[in-house]
Amino acid sequence: MKEKYFLGISFVLSWGIELVLILTGHTKDAMFSYLSPLIVLAPALAILVTKYAIKEPLWMNFWLKPEGRGTVKYSLIGWLAPVLLVVVGTGFYFLIFRDNFDSSMSSYIAALQEKDEALKEFNNNEIRDTLIYNILLNIPLAPFLNLFTCVGEEVSWRGYFLNMLCNKHPKWRAVLIDGIVWGIWYFPLVIGMGLFYGKDYAGYPFIGCLSTLVYCMVMGTIYSYLTIKTNSCIPAILANACVSTMTPVGSVFLKDPDRVGVFLNYMPTSIIGGIGFILTALVLMYFFIKDRIGPEPIKLPGVSNKNYSGTSMKQRMQNEHLKRNRS
């Protein structure tokens, strides 16, 4: 019942706002800027409505307040690992497409000067040094630049929905379901607004939706790992914000942006740019399947805490107590 309330309200609110924007043609103007925050906050609002409907205390069963060990460590991992993986993916792209790499950033600088005549007063070296400085500055600032939207997503999909799933399914299945549902939630943006892949590609919109599902399952696995290890979605919030901030970095080194493929590019949403995230998610999923990732999910009132991939925490504590008494 709880899942139905939460998913129903989340999808109705988010998809409703997106549908209005798409049908009225407000997908790239000020109206979209005003309403887009409501899209990512809709699932968080659904949590409040769900809790009111089932009469559950407001702050109960959120994976928000850190309860696991190593929260600081995994927050740092959530901060720095995405930066490293974005760099790996970007480097892998330019390793394959070396002739499209421009270390001088001349193409990017020319595009900036075309948009802003004032930049023509500066020479390319000055602009390039500023761009490099901004890229380096993004590393410490990355978790905070997109924090608002990422809080809405991660509190909802990892902090609340994943919590519910982990109390009813093995962790590996809960993580996959969470990623799939998260990807489906994006479908109107992918179809109607061209999110991630645009609209000018063969197989639109089905290939774009399928790629979005894969992307969300990959990123969802990583974010879920950070959440489950600490019983808190805070590390996942930092990781999501870092990915959003660092994704466009490779664009400044492109010699010819028109040669960049839709699904074969430097961004994490593609196979090449996302190679580091994909390999990381596969390794983590292996450990999820082997049930080597803890701690156990928080007990939810009225829901069995049985972990179908092993014994529950309560059972393990009882077994340990029996062993000590026998010895």
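Q: In which helix does Leu48 lie?
A: Leu48 lies in helix 2, where a helix is a DSSP run of H or I with at least four residues, a strand is a run of E with at least two, and both are numbered from the N terminus. The model is a predicted one, in which local features need pLDDT of at least 70 and side-chain atom pairs count only at pLDDT 80 or more, while totals for chains, interfaces and linings use all residues. Residues are numbered from 1 along each chain as its sequence is written, and side-chain values use heavy atoms, with hydrogens and water left out.

Q: How many helices and strands make up the secondary structure of the protein chain?
A: The protein chain has 12 helices and zero strands, and its pattern along the sequence reads α-α-α-α-α-α-α-α-α-α-α-α.

Q: What percentage of the residues of the protein chain count as buried?
A: A residue is buried when its relative accessible area is under 20%, exposed when that value is over 50%, and partly exposed in between, using a 1.4 Å probe and protein chains only. By that reading, 45% of the 327 residues of the protein chain count as buried. The protein chain exposes about 16,800 Å², of which carbon and sulfur atoms supply 67%; such accessible areas come from the Shrake-Rupley method with a 1.4 Å probe, and for residues only the protein chains shown count as cover.

Q: Which residues make the nonpolar surface patch?
A: Patches are built from residues with over 30% relative accessible area and no salt bridge, joining like charges within 9 Å and nonpolar side chains (Val, Leu, Ile, Met, Phe, Trp, Tyr) within 5 Å. Here Leu13, Leu45, Leu48, Val49, Leu58 and Trp59 make a nonpolar patch of about 570 Å², and its largest share, three residues, comes from helix 2, which spans residues 30–53. Leu48, one of the patch residues, has a relative accessible area of 42% and is therefore partly exposed.

Q: How many salt bridges does a search of the whole structure find?
A: Side chains of opposite charge can pair when their charged atoms come close. A salt bridge is counted when a side-chain nitrogen of Lys or Arg is within 4 Å of a carboxyl oxygen of Asp or Glu, and a search of the whole structure finds eight. One of them joins Lys2 to Glu56, with the closest N and O atoms 2.8 Å apart. Because Lys2 belongs to helix 1 (residues 2–23) and Glu56 to the loop between helix 2 and helix 3 (71–96), this pair ties together parts that are 54 residues apart in sequence. Lys2 counts as buried because its relative accessibility is 11%, and Glu56 is likewise buried at 11% relative accessibility.

Q: Where do Lys168 and Glu3 lie?
A: The side chains of Lys168 and Glu3 meet in a salt bridge, 3.2 Å from N to O. Lys168 is in the loop between helix 6 (147–166) and helix 7 (171–185), whereas Glu3 is in helix 1, so the pair ties together parts that are 165 residues apart in sequence. Lys168 is partly exposed, at a relative accessible area of 40%, while Glu3 is buried at 17%.

Q: Which residue forms a salt bridge with Asp291?
A: Lys171 is a partner of Asp291, the closest N and O atoms being 3.6 Å apart. This pair links distant parts of the chain, with Asp291 in the loop between helix 11 (275–289) and helix 12 (313–326) and Lys171 in helix 7, 120 residues apart. Asp291 and Lys171 are both buried.

Q: What is the phi of Asp291?
A: Most residues other than glycine have a negative phi, and most peptide bonds are trans. Asp291 has a phi near 60°, a positive value in a residue other than glycine. Met105 also has a positive phi, near 60°; Met105 sits in the loop between helix 3 and helix 4 (106–115), and it counts as buried because its relative accessible area is 1%.

Q: Is the peptide bond from Tyr204 to Pro205 cis or trans?
A: The bond from Tyr204 to Pro205 is cis, with omega near -5°, and Pro205 is placed in the loop between helix 8 (187–192) and helix 9.

Q: Which residues are in contact with Ser211, leaving aside its neighbours within four places in sequence?
A: Contact means heavy atoms within 4.5 Å. With those sequence neighbours left aside, Ser211 is in contact with Tyr197 and Phe263. Ser211 is found in helix 9 (residues 206–230) and counts as buried because its relative accessibility is 18%. Across the protein chain, among contacts between residues at least 6 apart in sequence, 74% join residues at least 24 apart.
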